[in-house]
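Here's a quick tour for anyone meeting this structure for the first time. Have a look at the sequence and the 3D view, then read on.

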Amino acid sequence: MASGAEPANARLANDRPAWKALEDHYRKIRESHLRDLFSADPARGERMTAEAAGLFLDYSKNRITDETLKLLFQLAEESGLRPHTEAMFRGEKINVTENRAVLHVALRAPRGASIIVDGENVVPKVHAVLDKMAAFCNRVRSGEWKGHTGKRIRNVINVGIGGSDLGPVMAYEALKFYTDRAMTFRFVSNIDATDFAEAVRDLDAAETLFIISSKTFTTLETMTNAHTARAWALAALGNDEKSVAKHFVAVSTNAAEVAKFGIDTANMFEFWDWVGGRYSMDSAIGLSTMLAIGPENFRAMLDGFHQMDEHFRTAPWERNLPALMGLLAVWYNDFFGAQTVGVFPYEQYLKRFPAYLQQLTMESNGKHVALDGSTVTYQTGPVYWGEPGTNGQHSFYQLIHQGTKLIPCDFIAFGQPLNPIGQHHDMLAANVCAQTEALAFGKTAEQVKAEGTPDWLVPHRVFEGNRPSNTILAARLTPEVLGKLVALYEHSVFTQGTIWNVDSFDQWGVELGKALAQRIIPEIESAAEPRLAHDSSTNSVIRRFRKLREN
C-alpha cells in the first residue's frame, strides 16, 4: 500500500475509542430537545457558527452539545483525518484500489504551486490545459472559430455521462446569470435516444459544436451518443468527413480513438487519471462551462475552489466548515441511524446542485468494505437528495416536519439576489429562517390549543421539532462562490470517508451492470431467438423486450 494511503492507526471506525465514547454519549443525549439546548445556552446560536472564505455556517440547530463536538474532533484525530488530508494534497496514492493519486485540488492550484505525482510537478500541465481551453473558448465566443460552412458557432452540446455530465450541467445552470445568452448550451448523457433527439431538434448543425467528454473515448453511453451526433451532423453538412473536425472537439486522453473519430487532436483537451470523474468539473471536463461563462469567470470559480481547499487543509476542526459538516453527517448516520440528508438551495440557479451532490456523495462513500478489504460493521454513505426552496415546502417538507423519519437538512441561501424583483428575495430569505426554526423547535400541543384549535385536531397540528439542520449563507451566487460550495461538499465527503476508513475515490459499484449490459445487448438485438443463460426473471424480461420490439 502506498505511503500515506492509510492512517497509521487505521482500523474499523467503531473500534476507535472516540467512537465508543460517542456511543455512550449518544445514549445520554438522544432524547435531548433543541428547545432545551437553546434554553440552557441562550448564546448557542451565536457560538455554534463558523465562517471561512465568504461562507457562513450555522450548525447550532444540530442535536449536539460541546461534548459531542469534542468527541467528534477526537474521532477525527484518531481516524488520521489531518495526515490523510496532507497525503491527498501531497499527491500520494490514497485511491488504494486503483493505486492512484487523488488530486482534484491540483486542478485549482495557483500557477507556480508545486504538487508532485510520480516525481513530476503536475501544476504546470494543469495550467497549460487551462490556457489551451481559454484560447479555444475565446475563439469560439468571439466568432473567430467557424463551422464547416463558415457560420459561427451558436450552439454547444456537451456529450458525456456521470461526472462528465453532472458537473457541467450543474455549473451551467448555477452560473446561467453569467453566461453568453447569444449561445445555446445543451447536455446529452442518457443512452435513451430521446435525450439526443430533443437536444438537437431545433438546432442548425452548421452552427453546432459537440464536446465529446470521455477519458477513454470508449464509454458505451457517451460514444453511442457521440456517433449518433456525428451521423446527424454529417447528414446535414453534405456528408463531408472534413466537417467533423470543425464541429467536434474532445475531452479525453485517448488520442488514437479521438483521431479515428475524425477530431483534430489539436482540439483534444486532456485530463489525468488522478482526476476522478465526479471531481472533474474544474478540469477540461468544464470546457462547456468555460465556453458559457468565459475564461475569466471560470478562473474565478477555480479560485473559489482553492480558497476552500486551503481552509480545509489548515483550519482547526472547530472552525473547519467541511470537517464540521462531515463529522455531523457521521453523527447522524451512525449514531441516530438517519439514512438520508436533504440539501435545499434557496436559489433557483442551484436547482441541479442536489443532483450533482448525489453522485459526489453516494458514488464516493457507498462502500461496504474498509481500505484493507474487511467488511465494515457500521453504516456508510447516507442518501443525499433535495430540491430548490421554496418548491419543496409544498411537497416533501411535510414528511420532514411531521413524519417518522429523521432527516438532517442543509439549507443554502444568499443575502443578495441575482434578479432583484420586488419582495421576492426577502420572502425567500424569510422562508429559510422560518423552516429551520420550525424544524428545530416545532409547535407543542399547548401552543396549538392556545390558538383555539379543537381538541380532536390538536394532534394533527403538533410539530415535534428537534429536526436538525445546517444553514449555509453567502453574499451572492458568483462563480467564485460556486467553487467554494462544491469544494465544501467535496471535503465533507472526504471527511466522512476518512472516518469510515473507506476508499472514497474508486467506484467499482458501477462496473457490474455495465459489463452485463454488454452481454445482453446482442441478446436483445439478435434476429434469431438467443439462448439465454440468466436467471429466470432476467430471461423472462429479455424475451418480453424482444416481443415488444416486434409490435
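## Out in the open

Asp372 is exposed, with a relative accessible area of 53%. Here exposed means over 50% relative accessible area, buried means under 20%, and partly exposed is in between, using a 1.4 Å probe and protein chains only. You'll find Asp372 in the loop between α15 (353-365) and β11. Its C-alpha atom is 43 Å from that of Arg35, and the two residues are 337 apart along the chain.

A word on the ground rules: this is a predicted model, in which local features need pLDDT of at least 70 and side-chain atom pairs count only at pLDDT 80 or more, while totals for chains, interfaces and linings use all residues. Residues are numbered from 1 along each chain as its sequence is written, and side-chain values use heavy atoms, with hydrogens and water left out. The helices (H or I, at least four residues) and strands (E, at least two) are DSSP runs, numbered from the N terminus.

## A six-stranded sheet

Six strands line up as β1-β2-β13-β12-β10-β11 in an open sheet with mixed pairing. Two strands pair if DSSP finds at least two bridges between them. At the edges sit β1 (49-52) and β11 (383-385), each pairing on one side only. On average, neighbouring strands here are turned by 15° against each other, direction ignored.

Inside the sheet, β10 (residues 340-345) and β12 (residues 409-414) pair in the parallel sense over four bridges. Across from Pro345 you'll see Ile412 in β12. Helix α20 (residues 479-500) packs on this sheet, touching β2 (55-58), β10, β11, β12 and β13 (469-474), and its direction makes about 165° with that of β12. Touching, or contact, means heavy atoms within 4.5 Å. As for the angles, axes are lines fitted to C-alpha atoms, for helices over the stretch in contact, and angles run from 0 to 180 degrees between N-to-C directions.

## Tucked away

Strand β5 (residues 155-159) has five of its five residues buried, so it is largely enclosed by the rest of the structure. Both of its faces are covered: Asn155, Ile157 and Val159 are buried on one side, and Val156 and Asn158 on the other. β5 pairs with β6 (residues 184-188) in the parallel sense over five bridges, and Val159 has Val188 as its bridge partner in β6.

Asn267, in the loop between α11 (255-261) and β9 (268-269), is buried too, with a relative accessible area of 11%. Setting aside neighbours within four places in sequence, Asn267 is in contact with Trp145, Ala245, Val249 and Ala250.

## Two helices crossing

Helix α5 (residues 81-90) and helix α13 (residues 295-314) have axes that come within 9 Å and cross at roughly 140°. That makes α5 and α13 oblique to each other. For angles, under 35 degrees counts as roughly parallel, over 145 as roughly antiparallel, 65 to 115 as roughly perpendicular and the rest as oblique.

On the α5 side, the contact is made by Leu81, Arg82, Thr85, Glu86 and Phe89, and on the α13 side by Asp309, Glu310, Phe312, Arg313 and Thr314. By class, that's three nonpolar, two polar and five charged residues. Nonpolar covers Ala, Val, Leu, Ile, Met, Phe, Trp, Tyr, Cys and Pro; charged covers Asp, Glu, Lys and Arg; the others, Gly among them, are polar.

## What about the cysteines?

How many disulfides are there? The count comes to zero, where a disulfide is a pair of cysteine sulfur atoms within 2.5 Å. For Cys409, the closest cysteine sulfur is 15 Å away, in Cys433, which is too far for a bond. Cys409 is buried at 1% relative accessible area, and Cys137 is buried at 0%.
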